[in-house]
Amino acid sequence: MTAKIIDGKAIAKEVREKAAEDTAALVAAGYAPPGLATVLVGTDPASEVYVGMKQRTCARLGIESFGYTLPADASQEDVERQVQELNENPLVNGILVQLPLPKH
């Protein structure tokens with residue numbers, strides 16, 4: 001088998017364009033736009049940047065973005081409660097709990 005060189009940036013651009021088209025078609029058909037919720041525990045600078053990038057990408061694609069930040073001392077139960085609330089929200093179609101989580 002011969003190796004094939006791919007252009008990851010071009011492929012990612014195609015995926016984003018298709019996602020934006022699909023989202024626009026859903027909205028045009030009368031559906032609510034998809035929604036992505038992010039849960040960040042604490043103030044890890046790299047995680048904050050990463051979540052911000054996701055939120056900006058959602059905005060460009062027409063996807064609703066819901067961001068939640070819990071304090072660094074939030075318990076596992078606090079995080080699970082937040083995820084459960086988001087799971088029950090009909091506007092949220094995906095939930096991302098950003099890693100790393102605090103050690104506790």
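Start by selecting K54, which sits in helix α2, residues 45–61 (helices are DSSP runs of H or I with at least four residues, strands are runs of E with at least two, and both are numbered from the N terminus). This is a predicted model, where local features need pLDDT of at least 70, side-chain atom pairs count only at pLDDT 80 or more, and totals for chains, interfaces and linings use all residues. Residues are numbered from 1 along each chain as its sequence is written, and side-chain values use heavy atoms, with hydrogens and water left out.

Stay on K54: it is buried (under 20% relative accessible area, with exposed over 50% and partly exposed in between, for a 1.4 Å probe and protein chains only). K54 has no salt bridge (a side-chain nitrogen of Lys or Arg within 4 Å of a carboxyl oxygen of Asp or Glu). Show D44 too: this nearest side chain of opposite charge is 11 Å away (Lys and Arg count as positive, Asp and Glu as negative; His and the chain ends are not counted). Beyond neighbours within four places in sequence, K54 is in contact with L96 and Q98 (contact means heavy atoms within 4.5 Å).

Now widen the selection to α2. Its buried residues are S47, V51, G52, K54, C58 and L61, and their cover includes α1, β1, β2 (64–70) and β3.

Next, pick P34, in the loop between α1 (8–28) and β1 (35–41). Leaving out neighbours within four places in sequence, P34 is in contact with T23, L26, I63, E64, L91 and N93.
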